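Please read the report below with the sequence and the structure at hand. It takes up a group of charged side chains, then some helix contacts, and then the chain as a whole.

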Amino acid sequence: MDPAGARALIALNNTFYREHAASFSATRQAPWQGWGRVADELRRIEPTGPAGALAVLDLACGNMRLARFLAEALLGTPLVYHGVDDCAELAGTCCDDAREAEAGAASTQTFDSGARTRWAASPTRPHSAPADTSITGRNACADGSTATAQPDYSPVSAPREDLIPPNRKHDTLSPASVCFHRLDILSAALSRGTDALERLGLAPCDGGCCFGFMHHVPGFRLRADIVRCLLGALRPGGIAALSFWQFMDDERLAAKARAATERALVAGIVAASGEAAKGALAQAAAAPRQAVAGAPGQATTGTPVRAADASTKAALPVLEDDDYLLGWQDDPGAWRYCHHFPEEEIDALVAGLGGYAREICRFSADGRSGHLNRYLILRRV
């Protein structure tokens, strides 16, 4: 995918999350089933963080619910959590939930273990800058590290004590430290490649997670760079866990994705390229998804798109194979770029790492079927 098209799709998703942060966060409160197995792997590694803490990086952290899950799942293990995301509005929903709990409407989570936890509240929002503001200087993080802010990335860091459960706040043997870093990782990776996270100046972490994000990364090359970015933030021997959404394997979600993509093509939101653009609109919407041939990220047969859009709307961002636009709830103007991951593309991402990392395991979890996400756990060599 060309950089201009990738930036357009990134901007589309950034706009979606800024405008729908509250409603989206409301649907993303409970932890995913697959996280339990990831926590099991994290327990097996030796912490190297400050004061023997386990340092974990959450890339594209959203509302930072993973911090809450890890604080409970790794109870007894000192934890330092670094959440990285560009959407301060989405991260800020955590504080809104906390203030509601403080006012008497307790926010609870049910984890795989069945435990129910009441979260602490904080009267202050996380320090963050408006999207159009250039930030300069260095900002201290919860563990003493710093993040260098640049006008084109605008990273901002601040501690998030409001995310620490009460039982962690008062347990001196298991102190929890939570820090939010604002960074547009995709724009940074387009400019800096696999060095994009260096702007944050973090010490190497023991573990890194990237859940519910890879399907928003346009183009195979950029996806490969994001995997390397996550691994590059870890110490040798550190564990990286990623999830890959396989929504086209779910009949209901696949039908919604096809229908929404066709509407986006007609509306002129996106275009499509190559063989992927063949076929009539109605036939593409009704046809079952076909097996994809060719290299990952290349447009081939099987993607439900319309040929005319690519030739008449050349200035639009171009969808590749297994690319779709999804809507959101009842808002006809809300669009999200999403990529479905066939198994062979995950294979290609792992193969491209060479000797940089070793695959520990791969498994499916989440959703009603228990197979909505494909998880990949890697060890940094």
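Which side chains meet in a salt bridge with 2.8 Å from N to O? They are those of glutamate 343 and arginine 362. The model is a predicted one, and the distances in this report are computed from it.

**Salt bridges around arginine 362**

Glutamate 343 lies in helix H12 and arginine 362 in strand S15, which covers residues 357-365. The two residues are 19 positions apart, and the pair links distant parts of the chain. Arginine 362 also forms a salt bridge with aspartate 347.

| Glutamate 343 | Arginine 362 | 2.8 Å |

Aspartate 347 is partly exposed at 37% relative accessibility, and glutamate 359 is partly exposed at 28%. Glu343, Asp347, Glu359 and Arg362 belong to a network of salt bridges that also includes Arg374. In total, the count of salt bridges comes to eleven.

**Helix H12 and helix H8**

Helix H12 (residues 343-351) also packs against another helix. Its axis and that of helix H8 (residues 220-232) come within 10 Å and cross at roughly 55 degrees. H8 and H12 are therefore oblique to each other, and H8 passes H12 in a right-handed crossing. On the H8 side the residues that meet H12 are Phe220, Arg223 and Ala224, and on the H12 side they are Glu345, Ala348 and Leu349. Sorted by class, this contact has four nonpolar, no polar and two charged residues.

**Helix H3 and helix H4**

The axes of H3 (residues 35-43) and H4 (residues 65-73) come within 11 Å and cross at roughly 55 degrees. These helices are therefore oblique to each other, and H3 passes H4 in a right-handed crossing. H3 contributes Trp35, Gly36, Ala39, Leu42 and Arg43 to the contact, while H4 contributes Arg65, Leu66, Phe69, Leu70 and Ala73. By class, the contact of H3 with H4 has seven nonpolar, one polar and two charged residues. As background, an α-helix has 3.6 residues a turn, so residues three or four places apart point the same way.

**Helix H7**

Which residues of helix H7 (residues 185-192) are buried? They are Ile185, Leu186, Ser187, Ala188 and Ala189. What covers the buried residues of H7 includes helix H1 (3-19), strand S1 (54-59) and H8. After H7 comes glycine 193, whose phi is positive, near 70 degrees.

**The chain as a whole**

The protein chain has twelve helices and 16 strands. Of its 381 residues, 54% are buried. Among the contacts in the chain with a separation of 6 or more, 72% are between residues 24 or more positions apart.

Technical notes. Residues numbered from 1 in each chain as written. Predicted model: local features only at pLDDT ≥ 70, side-chain atom pairs only at ≥ 80, totals over all residues. Heavy atoms only, no water. Axes fitted to C-alpha atoms, helices over the stretch in contact; angles between N-to-C directions. Helix = DSSP H or I, 4+ residues; strand = E, 2+ residues; numbered from the N terminus. Parallel < 35°, antiparallel > 145°, perpendicular 65-115°, else oblique. Left-handed = near helix turned anticlockwise from the far one by under 90°. Contact = heavy atoms within 4.5 Å. Nonpolar A, V, L, I, M, F, W, Y, C, P; charged D, E, K, R; others polar. Salt bridge = Lys/Arg side-chain N within 4 Å of Asp/Glu carboxyl O. Buried < 20%, exposed > 50% of the residue type's maximum accessible area, 1.4 Å probe, protein only.
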